[in-house]
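This briefing concerns a protein chain shown together with a ligand. Please consult the sequence and the structure below before reading the points that follow.

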Amino acid sequence: RRVSGAEERRLLELLAYGLVALGAGSALLLRFVPMPYGRYSSPRFGCPLPARPAWALQELPSLLVPLALAACGAAAGRWPNRLLLGGFVLHYLHRALIFPFLIRQGKPTPFFTFLLALLFCVYNGYLQGRSLSNYAEYPSGWLKDPCFIAGFIGWLVGMAINIHSDHILRNLRKPGETGYKIPRGGMFEYVSGANFFGEILEWFGFALACCTIESLAFALCTLFILGSRAKQHHQWYLEKFEDYPKDRKILIPFVY
Ligand code: NDP
């Protein structure tokens, strides 16, 4: 039996609620165990995989699944849908095919973390890809709507902050170095989790531009997960560096 449009819409809605629950559950768990990759990488979570191929492979489904769905989606040809799908795909084009190859001496990713990230990218790739390529409907003139424009700017600025902050982190290490230093410059002057702040802003902007429950769920999930990681990094810096800037916040400039 073929799944009807109404049934698939309901499925997407349930998956969106599932994503928020997943993010909230992870945030709870991450209060006790830091997310096991990068500086918290541990062999307890499976055999260590080299950082570059692990990042590329785990993120690839969020690039390929939406592209495949766009090829057969009924709404993928409309301009708002096309642009929004393009934004999502552009992020993952960078995350899967550029970011991994720029990493310098990154710590290995344990297999379990890799698997979770891979499953997350399949789940979310389907959720965002299917919602935007087949179901999201926009009134004519949506591209001139303040909601779309503000969201698009938020997405763009967030992505720029994310990429710039990751660039700062990368350049803290000279070739061959594996240790950690205090990040300086850019948004790191304000928050310890500057790259995470950028990514969160990016997906909330995207959610505003999309106005779908699926995109909002992704933004909330990102907030839960990366908010926890930013807090762990902040505490880690305070413990490791006596001269860590005292007025630097965790995630949101001047606020938190
Ligand atoms: P981190 O900030 O933990 O690390 C980023 C890179 O910079 C790593 O290679 C790390 O090395 C290096 N690095 C970090 N801090 C320092 C320092 N003080 N001195 C020297 N080198 C440093 O980021 P993540 O790895 O957690 O995330 C990478 C990207 O992926 C980010 O842009 C993030 O937003 C995104 N992401 C998105 C998620 C989502 O839910 N949408 C989930 C997870 C990540 P090392 O590996 O040795 O620690």
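The structure is a predicted model: local features require pLDDT of at least 70, side-chain atom pairs count only at pLDDT 80 or more, and totals for chains, interfaces and linings use all residues. Residues are numbered from 1 along each chain as its sequence is written. The protein chain contains nine helices and two strands, where helices (H or I, at least four residues) and strands (E, at least two) are DSSP runs numbered from the N terminus.

**Overall fold**

- Read from the N terminus, the order of elements in the protein chain is α-β-α-α-α-α-β-α-α-α-α.
- The protein chain has a radius of gyration of 19 Å, close to the 18 Å given by the globule rule for 256 residues, so it is as compact as a globular protein of that length. The radius is taken over C-alpha atoms, and the rule is 2.2 Å times the number of residues to the power 0.38.
- Along the principal axes, the C-alpha atoms of the protein chain fill a box of roughly 60 × 40 × 35 Å.
- Of the 256 residues in the protein chain, 38% count as buried. A residue is buried if 20 or more other C-beta atoms lie within 10 Å of its own, exposed if 12 or fewer, and partly exposed in between, with C-beta atoms placed from the backbone.
- Among contacts in the protein chain between residues at least 6 apart in sequence, 82% join residues at least 24 apart. Two residues are in contact if their C-beta atoms, placed from the backbone, lie within 7 Å.

**Nonpolar core**

- The largest nonpolar core comprises 46 residues, and Phe 197 and Ile 200 have the most contacts inside it. Such a core is a set of buried Ala, Val, Leu, Ile, Met, Phe, Trp, Tyr and Cys residues joined through C-beta atoms within 7 Å.
- Two or more residues of this core come from each of α1 (5-29), α3, α4, α6, α7, α8 and α9.
- Helix α8 gives the most to this core, with 12 residues.
- Ile 200 touches Thr 222, Leu 223 and Leu 226, residues up to four places away in sequence not being counted.

**Helix α4**

- Helix α4 (residues 79-97) has 19 residues and spans 26 Å from its first C-alpha to its last, close to the expected 27 Å. The expected span is 1.5 Å times one less than the number of residues.
- The buried residues of α4 include Leu 84, Leu 85, Phe 88, Tyr 92 and Arg 95.
- Covering the buried residues of α4 are elements including α2 (51-59), α3 (61-72), α5 (99-102), α6 (111-135), α7 and α8.

**Ligand shell**

- The ligand is surrounded by 21 residues, of which Gly 38, Gly 106, Leu 169, Tyr 180 and Glu 199 are the closest. A residue is near a molecule if its C-beta atom, placed from the backbone, lies within 6 Å of it.
- Helices α7 (146-170), α8 (194-210) and α9 (213-240) are the elements that give two or more residues to this shell.
- The shell divides into eight nonpolar, five polar and eight charged residues. Ala, Val, Leu, Ile, Met, Phe, Trp, Tyr, Cys and Pro count as nonpolar, Asp, Glu, Lys and Arg as charged, and the others, Gly among them, as polar.

**Residues within helices**

- Asn 134 is found in helix α6 and counts as partly exposed, with 19 C-beta neighbours inside 10 Å.
- Leaving out residues up to four places away in sequence, Asn 134 touches Gly 73, Ala 74 and Ala 75.
- Beyond its neighbours within four places in sequence, Gly 154 is in contact with Leu 201, Phe 204, Gly 205 and Leu 208.

**Residues outside the helices and strands**

- Gln 105, in the loop between α5 and β2 (109-110), has a phi near 50°, a positive value in a residue other than glycine. Gln 105 is partly exposed, with 13 other C-beta atoms within 10 Å.
- Phe 254, in the segment after α9, has a phi near 65°, a positive value in a residue other than glycine. Phe 254 is exposed, with 8 other C-beta atoms within 10 Å.
- Arg 184 lies in the loop between α7 and α8 and counts as exposed, with 10 C-beta neighbours inside 10 Å.
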